[in-house]
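Let's take a look at this protein together, with a few questions about its charged side chains.

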Amino acid sequence: MRRLLIALVIALLLSGCATNRIQKQLTQTLDGYGATLRWGDFESALQYLDPEVLKKEPPSALQLARYKQVRVSQYEDSGPQAVSDTEVRQRVVIGLINLHTQRERSIIDNQVWKYDATAERWWLESGLPKIVE
């Protein structure tokens, strides 16, 4: 009985460590992605996209060119909201300044992030922000 109790306690501690590690990875991923977008580096932001999503819907040359026509003036997230142990959603207000017209506007980016246990990382499932008016 004592061995069973010890094994149970160890299992609970290990699962807690895994959850903390996954949570830490999520925080690092969201912070990294946010910093990448704040600098307006949309091409580098592609590394955060789920490879399957990127394979199915790669951004066109026109879409990538549009990202180069804006400067990010704001990136304000609402914080991740857990949908399940492996999925979070986050609403982000992104301020954009058109480099040609100097007109500023805001968009809402509803992000969906999923944890890939095989790769041991979080992937953005919802794609890059939609900036076309």
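Here is a short chat about salt bridges.

This is a predicted model, where local features need pLDDT of at least 70 and side-chain atom pairs count only at pLDDT 80 or more, while totals for chains, interfaces and linings use all residues. Residues are numbered from 1 along each chain as its sequence is written, and side-chain values use heavy atoms, leaving out hydrogens and water.

User: How many salt bridges does a search of the whole structure find?

Analyst: A salt bridge here is a side-chain nitrogen of Lys or Arg within 4 Å of a carboxyl oxygen of Asp or Glu. Searching the whole structure on that basis, the count comes to four.

User: How many residues apart in sequence are the parts that Glu43 and Lys68 tie together?

Analyst: These two form a salt bridge, with their closest N and O atoms 3.2 Å apart. Glu43 sits in helix H2 (residues 42-45), and Lys68 is in the loop between helix H4 (61-67) and strand S1 (70-77), so the parts they tie together are separated in sequence by 25 residues. Helices (H or I, at least four residues) and strands (E, at least two) are DSSP runs, numbered from the N terminus.

User: Is Glu87 buried or exposed?

Analyst: Glu87 is linked with Arg89 and Lys114 in a network of salt bridges. Buried means under 20% relative accessible area, exposed over 50%, and partly exposed in between (1.4 Å probe, protein chains only). Arg89 is partly exposed at 43%, but Glu87, at 12%, counts as buried.
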